[in-house]
Amino acid sequence: MIRLTGGVNQRGVRDHNERLILSVLQRYGPTPGADVARLTGLSPQTISIIFRELESDGIIRRGDPIRGKVGKPSIPMELNPDGVFSIGMKIGRRSAELLLMDFSGKPRQQLFTSYDYPFPDAVFGFLKNGLDRILEAESENVRARICGIGIGTPFELWRWHDLTGPAAESFRSWKDIDFVAEVLEFSDLPVFVVNDATAGCHAEQLYGRGKEFRDYAYFFIGSFIGGGIALNGTVFEGNQGNAGALGSMRTTSPLGESKQLIDVASLHLLEARLIEAGLDPQVMWQRPQNWSTLTRYVTPWIGETAQELAKASLSICSVIDFEAIVIDGAFPSEVRGELVERVRRYIENQDTRGLIKPRIEAGSVGENARSIGAASNPVFAQFFLNTNAGLSARSGRGPS
């Protein structure tokens with residue numbers, strides 16, 4: 001576990017102290033004031049004052065009393081799931097997801113759409129209509145506590161397509177899209193744009209296994225593989241929001257051609273194999289996921305992908321000695337487990353001179369990671385402490 005420290009007691013920096021306390025409660029769960037004081041270095045009086053204000057605002061609540069010690073039971077404080085809400089949308093190659101998430105990271109509502117290509121009109125139409133549906137189904141209190149909209153999107157969408165003619169021109173229009181301006185056409189909520197794989201890393205850090213590690217690299221395998229990195233217990237997005245662009249790492253094909261990781265370790269390769277075999281690739285994207293009929297094609301894909309991830313993992317660790325590589329993706333949990341195990345085995349056979357081999361671990365959030373991570377972006381920016389704030393020049397609103 002990473003200790004969140006650095007609190008100060010002056011009244012003029014209460015915003016910092018509130019973020020610090022909320023970050024401790026998010027990381028450790030229900031925690032008594034005395035323990036929060038010990039973890040943060042803040043005085044018990046300061047903790048008590050901030051607790052009262054946050055509880056009065058409905059952002060935190062009292063947990064179950066802790067009994068069994070001398071004296072009165074200790075009352076821990078915890079994040080109030082109903083205290084803050086946010087909207088998250090993931091834009092993917094084959095589908096988009098939209099969800100309403102509470103302060104504990106739990107999706108309360110979720111909508112899903114699929115398409116052949118993510119054209120801008122369809123994507124923003126889905127967001128507008130979906131947002132209306134979500135808000136209509138919630139109380140006024142919930143609507144008043146929504147802190148923003150997070151959008152998880154691959155950068156440079158316009159470079160994906162294999163279209164021609166008018167359809168290609170429509171797809172290339174992504175290059176000139178201002179995400180914030182588009183959303184402000186139908187909503188006045190703050191908008192936060194983040195790379196989709198970085199969003200997945202945010203979800204793993206806040207609600208998954210990321211809390212176990214101080215520094216780690218993260219792979220999310222969707223139609224195209226992407227990544228993220230966490231330093232000092234916080235996801236590091238970089239000066240332009242593109243840190244951890246692990247899908248762009250160089251590799252070499254079996255024929256000696258220079259490739260990017262995205263070309264040799266992505267789900268679009270499995271999709272292509274299914275199409276070549278005369279199968280409908282839609283089975284890969286159906287909910288709930290069930291790939292039991294695809295074993296013949298999935299098994300070799302796992303083997304090839306694992307080899308590439310093993311090489312990439314060691315390349316990453318030659319720059320920063322990450323203690324772990326966390327792997328997740330838009331596939332069933334059993335596929336993730338087999339992929340992680342194969343990467344572990346392949347790393348044993350790699351040349352690791354001068355390197356400390358990282359732990360290879362499975363992510364725990366799963367296929368929803370990018371949409372949950374997108375929704376977490378407004379929450380993180382407004383309520384939690386960014387321990388890498390001094391390393392990045394980015395503001396809360398991401399680049400379009």
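These are my notebook entries on one protein chain, looked up in a predicted model.

**Entry 1: confidence**

The protein chain averages a pLDDT of 89, and 92% of the residues score at least 70. Over residues 1-14 the pLDDT is below 50, although the model gives this stretch 39 contacts beyond near neighbours in sequence.

**Entry 2: the whole chain**

I counted 13 helices and 14 strands in the protein chain. I then looked up its dimensions: the C-alpha atoms fill a box of roughly 70 × 55 × 40 Å along the principal axes.

Next I checked how the chain is packed. Of the 400 residues, 55% are buried. Among contacts with a separation of 6 or more, 67% are between residues 24 or more positions apart.

**Entry 3: surface and charge**

The accessible surface comes to about 18100 Å², and carbon and sulfur atoms hold 48% of that. I found 43 positive and 47 negative side chains in the protein chain. The centres of these two sets lie 6 Å apart.

**Entry 4: S223**

I located S223 in the loop between strand 8 (216-221) and strand 9 (225-231). Is S223 buried or exposed? Its relative accessible area is 7%, and the cut-off for buried is under 20%, so S223 counts as buried.

I listed what S223 touches, leaving out residues up to four places away in sequence: R93, R94, S266, L267, H268 and W285. I also took one distance: S223 and H202 are 21 residues apart in sequence, and their C-alpha atoms are 19 Å apart in space.

**Entry 5: backbone details**

I looked up a cis peptide bond, which joins R287 and P288 with omega at about -10°. P288 sits in the loop between helix 10 (267-276) and helix 11 (295-317).

I then turned to positive phi values. E156 is not a glycine, yet its phi is near 55°. I placed E156 in the loop between strand 6 (146-153) and helix 6 (165-172). With a relative accessible area of 36%, E156 is partly exposed.

N232, also not a glycine, has a positive phi of about 55°. The loop that holds N232 runs between strand 9 and strand 10 (234-235). I noted a relative accessible area of 27% for N232, which is partly exposed.

Key
Residues numbered from 1 in each chain as written. Predicted model: local features only at pLDDT ≥ 70, side-chain atom pairs only at ≥ 80, totals over all residues. Heavy atoms only, no water. Helix = DSSP H or I, 4+ residues; strand = E, 2+ residues; numbered from the N terminus. Buried < 20%, exposed > 50% of the residue type's maximum accessible area, 1.4 Å probe, protein only. Contact = heavy atoms within 4.5 Å. Areas by Shrake-Rupley, 256 points an atom, 1.4 Å probe, with all protein chains shown as cover. Lys, Arg positive; Asp, Glu negative; His and termini not counted. Charge placed at Lys NZ, Arg CZ, Asp CG, Glu CD. pLDDT = per-residue confidence, 0-100.
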